[in-house]
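Open the model in your viewer and keep the selection tool at hand. Each stop below says what to pick and what to look for.

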Amino acid sequence: MSNFYRDNPDILFHLNNMDLSRVVALKEDDFADKDEFPYASQDLADALDNYHRVLEIIGEIAGDFIFPRAAEVDITGATFENGEVVYAKGTREALDRLKKAELMGFTLPRKYGGINMPKTLYSMAIEIISRADASLMNIFGLQEIADTIYHFGSQDQKDRFLPRFTSGEVMGSMALTEPDAGSDLQSVVLKAKQDENGQWRLNGVKRFITNGCAEISLVMARSEEGSTGGRGISLFIYEREPNMRIRRIEHKLGIHGSPTCEMQFNDAPAELMGQRKMGLVKYTMSLMNGARLGVAAQAVGIAEAAYREAMAYASSRVQFKKSIREYAAVYEMLTDMKVHIEGTRSLLYETSKIVDIKEGLEQRMLLHPETQNDLNGDLKRYGKYAALFTPMIKAYASEMANRCCYDALQVHGGVGYTCEFDIERLYRDARITNIYEGTTQLQVVAAIGGVIAGVVSERLNEYESENDFSTVSDLIETARELRTRLESAVSHVKEKKDAAFQEYHARRLVEAATDTITGYLLCRDALISDRKKKVAMAFLSKAKHRVSAKLNYVLSDDCGIMEFHGNIIN
Amino acid sequence: MGLKMVVTVKQVPDTHNLSGDAMKPDGTVNRNALPAIFNPEDLNALEEALKIKETIGGTVTAISMGPPKAKDVLKECLYRGADEVILVSDKLFAGADTLATSYALKCAIEKVGGFDLILCGRQAIDGDTAQVGPQIAEKLKINQLTCVSEIVEIDERSVCVKRSVENGYEIVRSRFPVLLTITAGANEPRSPSAKRVMAYKNVDSVVCETAYDETWFNPQSCNNVSRIREWNTQTIDADPALCGLSGSPTKVKKIENVVLTAGEVKQIPNTDAGIAGLIHELIEEHILG
């Protein structure tokens with residue numbers, strides 16, 4: 001009997017200490033549902049209590065039900081039989097359980113059958129589920145699809161599709177990638193054409209589609225014949241019928257429970273979602289940002305699981321007459337893991353909260369047009385933060401999870417390399433997180449603009465003005481030192497006005513910026529708890545040197561590899 | 001219309017985590033020293049009822065006899081999908097053994113009336129008697145199928161079940177009304193529903209002095225269950241002499257603390273003679289045979 005929420009004091013720390021008042025007010029539209037739905041929150045305290053209770057249910061299902069099935073799901077995996085995808089038994093059972101617990105409409109409004117949870121809670125839920133079985137998140141986490149229909153679909157589409165998602169009757173997939181359009185989604189070639197009756201028909205192939213076997217897919221297709229760029233692409237809602245065939249599923253290193261499909265569309269009927277030509281530039285970007293947050297949460301869940309495995313093993317394994325966790329080489333690895341998990345979690349929830357506020361403001365302005373003038377400035381600001389923080393946390397959390405799994409396996413020594421321990425599965429599962437929904441390298445591309453434009457400093461100013469850091473003065477001094485170094489490196493790069501130079505150093509700058517923000521967030525956590533002071537101290541004392549090393553390299557103006565890499569990798 | 005089902009549930013001390021003060025000097029359980037939980041096999045009984053409701057339709061009424069705190073398990077029933085819940089609570093019920101308990105539950109079930117199926121957990125983890133279910137059936141003069149590990153078939157008039165018996169199982173059928181006691185192996189109980197938890201977390205009990213009134217009961221909507229019905233001896237027309245301590249012939253004569261500790265280790269040679277010697281010794285000590 002274990003509850004993956006209740007046994008994790010760090011998640012509880014955040015839920016208890018985060019100021020979610022604005023998120024709740026926006027998400028609940030000032031409690032407009034309270035007399036209409038018996039399960040609607042009545043006020044702020046009630047909403048927070050509901051959040052806690054929902055996580056209790058998720059935690060119990062994750063600990064008692066999903067986790068015990070994870071190893072078997074990994075061994076069997078999703079299979080492809082007679083042209084159809086079959087989930088592993090454990091996956092089916094877990095989905096059925098989540099469905100019965102009415103958790104499949106997690107973020108959707110109550111009027112469509114959802115439970116109207118904010119993204120912050122969704123991130124927590126995904127983290128908890130991924131700790132139990134990372135592959136299940138790929139299906140549970142696809143609620144983004146319904147969310148996209150909610151945000152951009154017509155009223156009729158919302159009425160027809162959303163209740164089916166929330167009841168668990170249908171699952172979704174997002175069909176974006178093609179054999180020759182991976183990171184470069186502008187080169188999508190799958191064709192969408194209207195037939196003589198005005199019915200849209202899809203023709204072509206999608207590849208690497210997570211859960212492509214789902215009943216409902218959002219398919220990105222070229223609707224403008226002869227066009228080449230992103231503007232010729234629209235997004236379609238496709239419901240399974242015989243004109244789409246799953247050709248195969250991939251055999252992968254990890255997340256075996258999640259089927260990765262190749263879909264062949266032969267004149268398959270679909271309906272346009274939203275406006276024509278906005279498929280990539282508007283809807284897919286929004287969809288992917290949601291999915292990136294989900295992957296970041298998944299990565300934190302895997303890292304948490306890996307840390308716990310390593311900790312348990314190190315505590316019980318005795319060598320040279322003492323437990324191996326007492327050796328510096330091991331306790332440093334364990335402490336680094338824990339510190340980075342907690343730092344990443346702070347950044348994850350901060351990002352989720354920013355996204356909640358941004359989406360909440362959009363919804364409020366839609367529901368109450370009279371608020372538009374007052375809220376416009378706020379929306380712009382939060383839009384900017386969301387655009388920076390989302391790729392940042394995706395890159396940071398996924399790289400962190402990989403490092404954690406690497407070290408956690410190392411702590412196990414030889415047995416970690418065998419299938420007898422869970423760590424080898426976690427190690428394999430983590431590896432996809434810094435690849436899908438955009439590789440780390442692409443997240444850097446998405447984040448660098450905000451870093452160069454000074455969005456980081458803007459947000460840090462808010463942290464400075466909203467908090468009194470005087471009780472953690474040593475810590476905040478180090479964080480400010482990181483900030484100063486970052487700002488001078490950013491101005492150095494800006495002054496050069498050299499796009500190639502900026503591109504070459506982008507990853508270093510984004511990583512330094514992420515470390516700086518995380519340092520600030522840990523200082524903020526340290527205001528509440530003495531233990532967090534130590535966490536912040538452990539983080540900052542190393543981050544200081546890590547960031548310096550990276551930024552010194554930027555400041556050195558060395559770009560040798562840029563110039564002569566062709567001589568070496570010729 | 002579907003079936004009308006009654007599930008009996010009990011709040012029990014969590015005997016997985018026993019501490020030194022688990023028993024009071026008078027030999028009864030010290031309920032304050034142990035966390036109170038939903039008796040595990042009662043959850044299995046509730047799950048079977050909910051599954052039947054999902055397949056052929058019907059209503060599920062959960063009844064618990066216990067102190068006011070037993071409302072917690074009734075709320076858990078609401079969270080999982082019970083249509084109505086009733087707390088049978090009265091100071092006069094205190095100190096009840098299985099006979100007095102089954103009498104009180106029988107009276108309450110008669111008040112609910114018109115039932116097709118009664119589902120009980122096989123036994124509670126505090127007393128481990130497995131008597132209450134069968135006694136309720138006897139008192140109601142209806143069939144009983146105990147130790148049910150699977151419901152093989154069910155329709156509007158009868159149920160066919162797999163019963164665990166010594167060294168195997170048997171498959172038996174009974175017409176309604178019938179009482180089933182369900183074992184842990186029958187199913188894996190569902191988790192609470194998020195919506196129902198949020199809807200029912202604040203429900204409280206309402207004491208009903210008057211007789212059962214059917215009009216409040218509308219299982220179609222979870223909106224309508226906004227409270228836990230609380231019945232006492234009068235509401236269920238129970239004879240106080242048959243309730244609680246006065247209705248309980250069972251008296252605890254003596255309690256003994258048995259502490260299992262490892263004794264000496266004996267090595268038996270892996271030979272025919274060695275094994276024969278061991279068997280002989282075990283028969284001598286009445287452990288075997």
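The tour runs from whole chains down to single residues, then across to the second chain.

**Before you start**

This is a predicted model, in which local features need pLDDT of at least 70, side-chain atom pairs count only at pLDDT 80 or more, and totals for chains, interfaces and linings use all residues. Residues are numbered from 1 along each chain as its sequence is written, and chains are lettered from A and ligands numbered from 1 in the order in which they are written.

**Stop 1: chain A as a whole**

Select chain A. It has 18 helices and 11 strands. Helices (H or I, at least four residues) and strands (E, at least two) are DSSP runs, numbered from the N terminus. The radius of gyration of chain A is 24 Å, close to the 25 Å that the globule rule gives for 570 residues, so chain A is as compact as a globular protein of that length. That radius is taken over C-alpha atoms, and the globule rule is 2.2 Å times the number of residues to the power 0.38. Along the principal axes, the C-alpha atoms of chain A fill a box of roughly 70 × 65 × 55 Å.

Colour by burial next. Of the 570 residues of chain A, 52% count as buried. A residue is buried if 20 or more other C-beta atoms lie within 10 Å of its own, exposed if 12 or fewer, and partly exposed in between, with C-beta atoms placed from the backbone. Now turn to contacts, where two residues qualify if their C-beta atoms, placed from the backbone, lie within 7 Å. Among contacts in chain A between residues at least 6 apart in sequence, 77% join residues at least 24 apart.

**Stop 2: the domains of chain A**

Colour three ranges: domain 1 (9–165 + 281–430), domain 2 (172–279) and domain 3 (440–561). These bounds come from an automatic or database domain assignment. Keep domains 1 and 3 of chain A in view: their C-alpha centres lie 25 Å apart. Here 20 residues of domain 1 are in contact with 20 residues of domain 3. On the domain 1 side, α1 (9–17), α10 (328–367) and α11 (372–412) of chain A each give two or more residues. The largest share of that side, 11 residues, comes from α11(A). By class, the domain 1 side has 10 nonpolar, 5 polar and 5 charged residues. Ala, Val, Leu, Ile, Met, Phe, Trp, Tyr, Cys and Pro count as nonpolar, Asp, Glu, Lys and Arg as charged, and the others, Gly among them, as polar.

**Stop 3: helix α8 of chain A**

Select residues 155–166 of chain A. Helix α8(A) has 12 residues and reaches 16 Å from its first C-alpha to its last, close to the 16 Å expected at 1.5 Å a residue. The expected span is 1.5 Å times one less than the number of residues. Show the side chains of Phe161(A), Leu162(A), Arg164(A), Phe165(A) and Thr166(A), the buried residues of α8(A). They pack against α7 (144–152), β3 (172–175), β6 (216–222) and β7 (233–239) of chain A. Just after α8(A), stop at Gly168(A), which takes a positive phi of about 85°.

**Stop 4: a hairpin in chain A**

Go to β4(A) and strand β5 (residues 200–210) of chain A, which pair in the antiparallel sense over 4 bridges. Strands pair if DSSP finds at least two bridges between them. Ala192(A) stands opposite Leu202(A) in β5(A). The hairpin has 5 residues between the strands, and Gly198(A) takes a positive phi near 85°.

Pick Gln194(A), in strand β4 (residues 191–194) of chain A. Is Gln194(A) buried or exposed? Gln194(A) is exposed, with 11 other C-beta atoms within 10 Å. Leaving aside neighbours within four places in sequence, Gln194(A) is in contact with Gln199(A) and Trp200(A).

**Stop 5: across to chain B**

The contact between the chains takes 14 residues from chain A and 12 residues from chain B. On the chain A side, α3(A) gives the most, with 6 residues. That side divides into 8 nonpolar, 1 polar and 5 charged residues.

Now select chain B, with 6 helices and 12 strands. Of its 289 residues, 43% count as buried.

**Stop 6: strand β7 of chain B**

Finish on residues 143–154 of chain B. Strand β7(B) pairs with strand β10 (residues 178–182) of chain B in the parallel sense over 4 bridges. In β10(B), the bridge partner of Leu145(B) is Leu180(B). β7(B) also pairs with strand β8 (residues 158–165) of chain B, in the antiparallel sense over 5 bridges. There, the bridge partner of Ile151(B) is Val161(B) in β8(B). β7(B) and β8(B) form a hairpin with 3 residues between them.
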